[in-house]
Amino acid sequence: MNHKTAFGCGLAALLVLGAGCFRNTVSTIELDVPALKSDACAQAVRAGIEKLGIHPDDGAVYEVRFDLEARKAWVVYDNVRLGRRNVEVAVRHAGFAVNDLPADEAARAKLPPECRGDE
């Protein structure tokens with residue numbers, strides 16, 4: 001076998017192996033947000049997350065869902081463009097404590113009273 005044929009076979013093998021290395025780049029994170037008590041709070045959380053780039057087709061965030069009774073949110077995101085901590089920090093900067101992060105106090109002070117826990 002000559003060098004060109006060997007090189008071509010090697011390249012083809014690498015391409016085949018590389019094709020199998022692609023993985024799902026979509027992840028879902030569950031957020032525990034204790035102050036998520038109303039639609040106003042959910043909209044404030046959504047606004048914080050939207051700063052990361054929300055778009056169902058080509059954004060970093062594909063979907064945001066809420067369960068006000070459980071005080072939880074789920075974010076479906078592109079894990080190549082964002083990490084879990086990026087999503088949590090966006091919620092924190094919106095003024096909410098989330099998972100193991102405390103709320104940003106300056107942002108929290110601007111929230112409606114029911115979202116701050118001051119009611």
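Guide: Two strands pair if DSSP finds at least two bridges between them. Helices (H or I, at least four residues) and strands (E, at least two) are DSSP runs, numbered from the N terminus. This is a predicted model, where local features need pLDDT of at least 70, side-chain atom pairs count only at pLDDT 80 or more, and totals for chains, interfaces and linings use all residues. Residues are numbered from 1 along each chain as its sequence is written, and side-chain values use heavy atoms, with hydrogens and water left out.

Visitor: How many bridges join β1 to β3?
Guide: Strand β3 covers residues 72-78 and runs antiparallel to β1. Within this pairing, aspartate 32 has lysine 72 of β3 as its bridge partner. The number of bridges joining β1 to β3 is seven.

Visitor: In which order do the three strands form the open sheet?
Guide: The pairing is antiparallel.

Visitor: Is serine 38 buried or exposed?
Guide: Serine 38 lies in the loop between β1 and α2. Buried means under 20% relative accessible area, exposed over 50%, and partly exposed in between (1.4 Å probe, protein chains only). Because its relative accessible area is 17%, serine 38 is buried.

Visitor: Which residues is serine 38 in contact with, leaving aside its neighbours within four places in sequence?
Guide: Contact means heavy atoms within 4.5 Å. Beyond those sequence neighbours, the contacts of serine 38 are Leu68, Glu114 and Cys115.
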